Amino acid sequence: MAEKLEPAKVLYCGVCSLPAEYCEFGPDFERCKPWLVENAPDLYPDLLKEANEKAADNVSDKLQSVGISSGGADGAPSSSQSGGGTSKKEEGKRLPGGKLKKKERLEVIIEKVVRNKRKSITIVKGLELFGIKLSDASKKLGKKFATGASVVKGPTEKEQIDVQGDIIYDIVEFITDTWPDVPERSIFFIEDGKKVQAG
């Protein structure tokens with residue numbers, strides 16, 4: 001006589017109600033993470049590491065805000081006490097891999113792209129960093145140069161303005177006159193793959 005098989009016991013997530021192994025494919029994995037760390041740490045060991053690192057970062061941030069350094073256990077002054085260091089908030093935002101995200105430079109980049117041998121498009125990137133609405137800027141550019149201008153997403157998923165025609169050298173004066181917040185030293189051209197200052 002064959003052995004009677006027991007039904008498999010499946011652990012279901014308390015947040016999304018999927019089996020715990022499939023939470024990462026569910027609708028909101030971020031909300032499931034705390035539940036998984038608490039109830040199924042063996043399924044996702046990376047989540048447990050991530051949770052421990054976040055807890056350590058929170059503790060060190062609290063200690064730094066109070067003025068206590070976590071690295072000064074041997075009696076040596078830490079960089080925050082000696083005055084030679086900069087805080088993490090000044091350096092930039094931390095990315096998931098632990099790398100620091102660099103702050104974006106305030107610069108406008110103008111590039112000319114040739115298509116179909118004779119037709120060219122002037123691309124303007126970075127106006128939004130100066131607080132300029134790209135839709136308003138594209139309308140003004142279209143009216144000034146009597147061409148089509150539109151806001152599109154570029155290859156880096158950031159919005160940019162595409163203006164029909166070769167207006168690369170006329171556009172600098174128009175930008176500095178129309179928006180005085182944009183200094184001429186912050187405007188750059190892309191020529192032969194190199195960034196060249198407009199001024």
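Modeller: Let us begin with a term. A residue is called buried when its relative accessible area is under 20%, exposed when that area is over 50%, and partly exposed in between. The structure before us is a predicted model, and Lys-33 counts as buried because its relative accessibility is 14%.

Colleague: What share of the 199 residues in the protein chain is buried?

Modeller: Buried residues account for 26% of them. The accessible surface of the chain comes to about 14,700 Å², and 51% of this belongs to carbon and sulfur atoms.

Colleague: How is the secondary structure of the chain made up?

Modeller: The chain has six helices and eight strands. Read from the N terminus, their order is α-α-α-α-β-β-β-β-α-β-β-α-β-β.

Colleague: Why can charged side chains pair?

Modeller: Side chains of opposite charge can do so when their charged atoms come close. In this model there are five salt bridges. One of them joins Glu-30 to Lys-33, with the closest N and O atoms 3.1 Å apart.

Colleague: Which residue forms a salt bridge with Asp-28?

Modeller: The partner of Asp-28 is Arg-31, and their closest N and O atoms are 3.7 Å apart. Asp-28 has a relative accessible area of 29%, so it is partly exposed. Arg-31 has 55% and is therefore exposed.

Colleague: Which side chain meets that of Asp-166 in a salt bridge?

Modeller: It is that of Lys-112, with an N to O distance of 3.4 Å. This pair links distant parts of the chain, 54 residues apart: Asp-166 is in the loop between strand S6 (159–164) and H6, and Lys-112 is in strand S3 (residues 108–115). Asp-166 is partly exposed at 43%, and Lys-112 is partly exposed at 37%.

Colleague: Which residues form a negative surface patch?

Modeller: A patch takes in residues that have over 30% relative accessible area and no salt bridge. Here Asp-170, Glu-173, Asp-177 and Glu-184 form a negative one. Glu-173 lies in helix H6, residues 170–178, and its relative accessibility of 56% is why it counts as exposed.

Key. Residues numbered from 1 in each chain as written. Predicted model: local features only at pLDDT ≥ 70, side-chain atom pairs only at ≥ 80, totals over all residues. Heavy atoms only, no water. Patch = residues over 30% accessible without salt bridge, like charges linked within 9 Å, V, L, I, M, F, W, Y side chains within 5 Å. Areas by Shrake-Rupley, 256 points an atom, 1.4 Å probe, with all protein chains shown as cover. Salt bridge = Lys/Arg side-chain N within 4 Å of Asp/Glu carboxyl O. Lys, Arg positive; Asp, Glu negative; His and termini not counted. Charge placed at Lys NZ, Arg CZ, Asp CG, Glu CD. Helix = DSSP H or I, 4+ residues; strand = E, 2+ residues; numbered from the N terminus. Buried < 20%, exposed > 50% of the residue type's maximum accessible area, 1.4 Å probe, protein only.
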